[in-house]
Amino acid sequence: MKSTTISKGILRAVYTLVGISILLYFFYEIRSVVAYVAIAAITSLICRPFINFLEHTLKLKKDIAVVVTIFLLLGVLVGLAGLFIPLIMEQGHNLSLLDIEKLESNLLEIYNSFALNFNLDTNDLTNRFKGFKLIEMLDFSFIPDVLNSIVSGLGSFSIGLFSVLFICFFFLKDRTLLENTLIIFVPEKSENQFKNSFSKIKKMLSRYFVGLICQITILFIIYAIGLFVVGIENAFVIAFLCALMNLIPYVGPAISAVLMVTLTMTTNIGQSLLHYILPKTFWVLVVFVIGQLMDNFVSQPVIFSKSVKSHPLEIFLVILITGILFGVVGLIVAIPAYTTIKVILKEYLAENRIVKKVTQNI
């Protein structure tokens, strides 16, 4: 092999690496735009069945169906805001009524009850509580920073929401728009394979995201009924918020448990901690456990096995690995990304023994 051929090969490899690096850096700089496009694409996949219903069952024109869908999305977002804002205001009002001295006495009462049952000495802790001032330990200097963060966050959220809805409108209006955009980067000889892969990915991810909505709905119903029976105020809002946290695998349920317990306790501020709040909290945890058992052993296996054609153990390992590598974001995108990779491998490397084994159910 001639030295000029080797030199050209090395230069070509260097140019390729530099080009890929520049492209990755460019995508990193516009990561917010990439996120908007990704969220809009996911939203359009979720809305596909509803668009088909409006077009084929109600016989609406495509443009009208898309406009109706966008307005329904806006209505859902406004409705959610209408649910959460009163809850936030009520929690703030409850916290403003918090009696620190009463809280200290309640904590001492709980310890004394515990100590009597286990024959412990209560005098030492009682003396410590007398010199202990909880209010002096609280630092309220963070409040202005939190308020500024909330205001700036609302501004960013408004821009992001408008961008997502605008992009989603065109994805729904022209279902081949994203495909035609991505195909520019695909070699001409691989266009047919890309189109087949993209079609399968859209169908599987659409089923997956619709399945997630069903999963959240089932969990919401269980939480809402349970919290309502227990007698928790704002049961439906708390249930929805905690069910929504389940979108984050494994970490989400832990967050929702803390959230459910915290909201239960702050909602009942002013009541007896030992005789009212703690028993309520216990029954709330029972409701949470029932919902999680139903979700883990019924909802998730059915949704994952039928939508993404993957074994539950396979899904668990993928989520675990992506969570370790990429944190919470990895947990959220693990299953869609893994499904996409499986479809692409099956289309391009169908004869490979490992690929054939992993993608046999697709």
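Predicted model: local features only at pLDDT ≥ 70, side-chain atom pairs only at ≥ 80, totals over all residues.
Accessible areas in what follows come from the Shrake-Rupley method with a 1.4 Å probe, and for residues only the protein chains shown count as cover. On that basis the protein exposes about 23,000 Å², of which carbon and sulfur atoms supply 72%.

Residues are numbered from 1 along each chain as its sequence is written, and side-chain values use heavy atoms, with hydrogens and water left out.

Let me start with the overall layout. The secondary structure comes to 14 helices and zero strands, where helices (H or I, at least four residues) and strands (E, at least two) are DSSP runs numbered from the N terminus. Of the 362 residues, 30% count as buried; buried means under 20% relative accessible area, exposed means over 50%, and partly exposed is in between, with a 1.4 Å probe and protein chains only. A contact means heavy atoms within 4.5 Å, and among contacts between residues at least 6 apart in sequence, 67% join residues at least 24 apart.

Now to one helix pair. Two packed helices are described by the angle between their axes and the distance between the axes. For helix α2 (residues 31-57) and helix α9 (residues 191-230), the axes come within 8 Å and cross at roughly 80°, which makes α2 roughly perpendicular to α9. The axes are lines fitted to C-alpha atoms, for helices over the stretch in contact, and the angles run from 0 to 180 degrees between N-to-C directions; under 35 degrees counts as roughly parallel, over 145 as roughly antiparallel, 65 to 115 as roughly perpendicular, and the rest as oblique.

Which residues meet in this pair? From α2 there are Ile 42, Leu 45, Ile 46, Arg 48 and Pro 49, and they meet Lys 202, Lys 203, Leu 205, Ser 206, Phe 209, Val 210 and Ile 213 in α9. The residues of this contact divide into eight nonpolar, one polar and three charged, with Ala, Val, Leu, Ile, Met, Phe, Trp, Tyr, Cys and Pro counting as nonpolar, Asp, Glu, Lys and Arg as charged, and the others, Gly among them, as polar.

Elsewhere in α2 sits Ile 51, which is buried, with a relative accessible area of 1%. Ile 51 touches Ala 65, Val 66, Thr 69, Leu 172 and Arg 175, if we leave out residues up to four places away in sequence, and its C-alpha lies 6.8 Å from that of Val 66, 15 residues apart in sequence.

Although Lys 59 is not a glycine, it has a positive phi of about 60°, and at 67% relative accessibility it counts as exposed.

I turn next to the cores, where a nonpolar core is a set of buried Ala, Val, Leu, Ile, Met, Phe, Trp, Tyr and Cys residues joined through side-chain atoms within 4.5 Å. The largest has 19 residues, of which Tyr 208, Phe 209, Phe 304, Val 308, Ile 315, Ile 319 and Ile 335 touch the most other members. Helices α9, α12 (273-307) and α13 (312-348) each supply at least two residues of this core, and α13 gives the most, with eight. A second, separate core of 18 residues includes Ile 216, Ile 232, Ala 235 and Ala 257.

Met 204 itself belongs to helix α9 and is buried at a relative accessible area of 5%, and its C-alpha is separated by 7.9 Å from that of Thr 339, 135 residues apart along the chain.

As a contrast within α13, Pro 312 is partly exposed, with a relative accessible area of 44%.
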